[in-house]
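Please consult the sequence and the structure shown here.

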Amino acid sequence: MNEMLKGRKSQIVTKGHDDVAIACGKASIAGSVSQRACVFCGSRVVLYPIADALHLIHGPVGCAAYTWDIRGSLSSGPQLHRLSFTTDLKEKEVVFGGETRLYNALISLIDQYKPKAAFVYATCIVGVIGDDMEAVCRRVTREKGIDVIPLMSEGFNGTKKDGYKIACAALSKLIGTDQTSVVPEHSINILGDFNLAGELWMLAEYYRRMGVNMVACMTGDGRINDIRKAHKAQLNVVQCSGSMTYLAKDMEDKYGIPFMKVSYFGIEDMSDALYEVARFFKSDEMMQKARELVREELSKLLPALQEYRAKLEGKKAAIYVGGAFKAISLVKALRLLGMKTVVVGSQTGNQDDYNLLKELCDEGTIIVDDSNPNELSEFVKQTGANLFIGGVKERPIAFKLGLGFCDHNHERKEALAGYEGMLNFAKEVHASVCSPVWKFMK
Amino acid sequence: MRNLELGIWNLKLKKNAMIENTPIIKSTPEYTATRNACKLCAPLGASVAFKGIRGCVPIIHGGQGCATYIRRYLISHYKEPVDIASSNFTEESTIFGGGANCLAAIENVISQYQPEVIGMATTCLSETIGDDVKFYIQNFKDLTDRETLPHFISASTPSYQGSHIDGFHEAVASAVKLIAEGGEKGEHLNIFPGFVSPEDLRQIKNILEDFTIPYILLPDYSETLDNPIWDSYHRIPEGGTPIESVRKCGSARASIELGTILNKGSLSGRVKNNALATTAAEYLLESFGVENHRMPLPLGVSNCDHFFETLSQLSGKEIPMKYTKERGRLIDSYVDGHKYVFGKRAVVYGEEDLVVALSAFLNEIGIEVALAASGGESGRLEDEIRKYCPENTSEITVQNGYDYEMIHEWCAENKPDILIGNSKAYYIARELGIPIVRCGFPIHDRIGGQRIKHLGYTGTQELFDQITNMLIASKQDSSAVGYKYM
């Protein structure tokens with residue numbers, strides 16, 4: 001690379017060449033075009049799928065406009081989460097304070113939309129003008145009799161990960177507030193699935209076939225009343241560990257609920273996610289059912305995958321996604337398709353994630369934390385990748401350079417989790433990598 | 001376990017009987033929340049304008065999220081890499097000032113991109129804590145060892161003042177204020193196109209070239225935000241208005257400024273004075289005596305005629321035959337299609353100047369502008385619409401400061417025949433079964449938003465064909481038998 005930012009060197013390692021541990025969890029460097037967003041974004045995306053809550057963004061118009069209907073999270077009932085509410089602060093409020101506007105907005109929205117609870121997100125400006133959002137929320141809680149939960153998620157106040165933490169703390173306030181409901185035996189919570197393209201429905205169905213019940217999903221197809229009784233589950237099954245481990249640990253401390261980290265991408269990880277739960281409940285019957293389920297699904301899936309594998313064998317992939325845990329699953333899923341990962345990185349991975357990635361990947365694979373377009377395009381060129389897996393911001397980089405792209409971000413419309421998802425994944429990778437259009441790029 | 005089986009069923013059928021549509025809720029006078037905003041924030045507009053200056057890398061002076069969200073929003077529309085750097089505020093910079101971050105951001109952008117120009121846009125955060133970006137830039141210049149430095153343009157774009165359109169014009173005006181120089185009058189014209197599509201910019205350039213008029217188009221993101229394929233990654237895409245051209249704006253024969261509202265509105269909630277909202281062309285008139293011709297976007301026969309006649313008059317050249325023929329074909333098609341569109345009721349929404357131009361066009365073909373709405377709050381939309389829509393003026397409902405939920409309510413009650421504007425009203429169209437013609441910004445659910453042509457006779461032609469065919473299709477689809485001839 002002709003000129004890489006000096007401060008970035010420690011966040012890039014090549015397996016087989018660099019023995020040092022990768023640096024991560026750092027704030028982005030000023031002036032680098034980081035693919036990360038902010039604290040507010042972290043909180044907003046985690047809570048977004050809770051469909052019967054009011055989500056009000058306290059700030060000028062931008063933060064709400066850019067996060068309107070941003071995730072492909074489906075709800076089987078209410079659709080309130082898909083509306084974008086903001087106090088739309090103007091200069092007047094910035095000078096004289098926005099508390100009255102916030103109070104009025106909350107009162108009128110709650111009266112009219114009758115949400116089960118409300119989340120109020122602070123944006124950068126709130127932290128500066130000193131609105132007492134917590135006091136306003138307390139007052140509205142008192143007056144309206146629903147939980148109005150402030151999230152002090154000012155954008156400058158850390159990284160996206162800090163936003164996850166704040167969102168988890170908000171969920172934690174709700175959990176345990178329903179003491180009366182009774183949940184059946186063998187009940188779990190699913191943490192860190194956001195029901196993109198209906199993935200949660202697929203996963204919950206697998207668990208149901210094994211005889212496992214779901215109390216709450218946080219937050220895919222989420223409902224406030226389910227979250228209130230989440231403490232009654234016997235186990236938390238955590239995907240997207242980057243965002244939800246805080247909550248899992250919190251519930252372990254408070255309620256003694258153990259948690260396990262799983263991934264639903266690729267058949268190995270998906271199957272493990274089922275077996276691990278059966279093992280946890282120490283039920284032979286459940287394990288038997290899980291095995292049958294896996295056998296049944298694989299007997300359909302594996303022959304169907306062959307066609308794609310034949311065409312994708314030996315192709316090279318670059319991965320850059322939000323969470324590192326997803327990257328790990330993707331490396332394995334690509335392997336199942338005969339593909340090799342040559343670049344892998346994430347916005348928010350931690351040391352353990354990167355160590356695991358290093359173990360898993362082949363020699364010469366570039367591993368990177370908090371990358372930017374210049375680096376990513378350089379890596380892709382160096383390694384001759386045929387496919388890029390990432391989000392919207394990475395798509396034009398891939399396309400401009402003439403390589404296939406698979407959207408694995410929270411805006412996707414294809415279910416990629418589970419067995420059915422693995423087949424969709426193969427189809428999508430195939431449709432991009434094997435398209436005839438690339439011949440014109442030469 | 002709630003509706004689980006139903007969930008699976010839904011997934012397979014892709015239709016969901018259980019999905020509860022959020023009720024349409026009548027907004028009340030004391031309502032203070034914006035619901036599905038029909039506008040964006042100022043730094044987005046400034047970033048687009050900066051992208052239209054050659055070799056320019058925008059830096060947003062604020063939190064990391066601002067740059068990332070804006071990039072994502074623009075990328076989804078333009079389907080192009082859009083690099084925008086951030087000075088990446090932390091809690092510390094918020095308390096002690098963003099100077100250090102600003103300087104680091106400039107240094108890092110220079111070392112990564114070697115830009116010709118750095119365009120700095122401020123945010124609500126940096127403006128509120130009182131950061132003085134011009135001072136930081138001077139600081140940087142004083143402290144750096146670098147021998148060659150980029151040009152700096154800085155625009156004040158707090159998101160609590162106006163909308164993305166104010167940010168756009170503020171950035172263009174800042175570029176001219178900082179760079180333009182006077183001098184002996186040349187033959188060239190300045191064209192300030194406003195926030196239009198890359199295809200529109202190409203169209204304007206073609207027209208000027210066919211007229212053989214020398215011109216400066218500012219900004220010009222016709223290439224930077226609509227690139228061909230690349231052999232290798234371009235850190236800065238090719239194209240854009242060169243800085244030398246911006247310098248020459250002060251010695252132009254005249255300026256043509258497209259759009260009549262621009263950033264001239266009252267800027268609701270603004271405490272600072274309105275003098276801040278000078279446009280580039282106004283500045284050039286005041287400072288260098290460059291005469292200014294302000295007119296609506298050339299969309300529709302009347303407004304196109306105005307544009308072409310002004311070009312002809314300023315250059316002393318005949319309108320090229322090509323355009324006379326385009327005009328003739330457009331009017332011929334108006335005749336062919338007039339019955340299918342007459343009396344239909346349209347809702348037009350989006351940026352104010354586009355809403356004015358679209359309304360004028362619809363008005364001249366006999367479509368009733370039932371509602372003209374914008375999230376912009378200039379307070380001038382109504383006057384401009386009445387001015388440029390001479391037919392049945394009194395029947396047009398005009399709304400400044402509207403959001404999509406207000407448009408939603410209005411449509412549910414008034415049942416218009418067609419929606420015309422950006423892709424964000426799709427959910428309204430879908431729920432109420434009203435056809436929608438997508439144009440303007442953003443187009444997030446289709447490809448080709450950057451290639452939509454709105455301007456000139458051919459741009460109008462494309463919109464006319466689309467709108468007419470959409471109305472024909474909607475009648476054909478709902479007919480009991482369907483038919484093979486119209």
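## Helix packing in chain A

In this predicted model, the axes of helix 11 (residues 267–280) of chain A and helix 12 (residues 284–312) of chain A come within 8 Å and cross at roughly 165°. Helix 11 of chain A is therefore roughly antiparallel to helix 12 of chain A (angles under 35 degrees count as roughly parallel, over 145 as roughly antiparallel, 65 to 115 as roughly perpendicular and the rest as oblique). Axes are lines fitted to C-alpha atoms, for helices over the stretch in contact, and angles run from 0 to 180 degrees between N-to-C directions. Helices (H or I, at least four residues) and strands (E, at least two) are DSSP runs, numbered from the N terminus.

Helix 11 of chain A contributes Ile267(A), Ser271(A), Leu274(A), Tyr275(A), Ala278(A) and Arg279(A) to this contact. From helix 12 of chain A come Met286(A), Met287(A), Ala290(A), Leu293(A), Val294(A), Leu298(A) and Leu301(A). Two residues are in contact if their C-beta atoms, placed from the backbone, lie within 7 Å. By class, the contact of helix 11 with helix 12 of chain A has eleven nonpolar, one polar and one charged residues (Ala, Val, Leu, Ile, Met, Phe, Trp, Tyr, Cys and Pro count as nonpolar, Asp, Glu, Lys and Arg as charged, and the others, Gly among them, as polar).

## Basis of the model

Residues are numbered from 1 along each chain as its sequence is written, and chains are lettered from A and ligands numbered from 1 in the order in which they are written. As the model is predicted, local features need pLDDT of at least 70 and side-chain atom pairs count only at pLDDT 80 or more, while totals for chains, interfaces and linings use all residues.

## Domains of chain A

Chain A is assigned domain 1 (39–174), domain 2 (187–262) and domain 3 (313–411); the bounds come from an automatic or database domain assignment. The C-alpha centres of domain 2 and domain 3 of chain A are separated by 27 Å, and five residues of domain 2 are in contact with five residues of domain 3.

## Domains and sheet of chain B

Chain B comprises domain 1 (42–295) and domain 2 (301–478), with C-alpha centres 28 Å apart. Contact between them involves 37 residues of domain 1 and 36 residues of domain 2. On the domain 1 side, helix 9 of chain B gives the most, with eight residues.

An open sheet in chain B has four strands in the order 7-6-8-9, with parallel pairing (two strands pair if DSSP finds at least two bridges between them). Strand 7 (215–217) and strand 9 of chain B each have a single partner strand, so one side of each is left without a neighbour in the sheet. The twist averages 20° from one strand to the next. Strand 6 (residues 189–192) and strand 7 of chain B are joined over three bridges, and Asn190(B) has Ile216(B) as its bridge partner in strand 7. Helix 11 (residues 280–288) of chain B lies across strand 6, strand 8 and strand 9, running at about 155° to strand 9. Helix 12 (residues 301–315) of chain B lies across strand 6, strand 8 and strand 9 as well, at about 165° to strand 9.

## Contact between the chains

The contact takes 78 residues from chain B and 77 residues from chain A. The chain B side divides into 33 nonpolar, 31 polar and 14 charged residues. Strand 3 (residues 85–86) of chain A pairs with strand 1 of chain B in the antiparallel sense over two bridges; Phe85(A) has Arg35(B) as its bridge partner.
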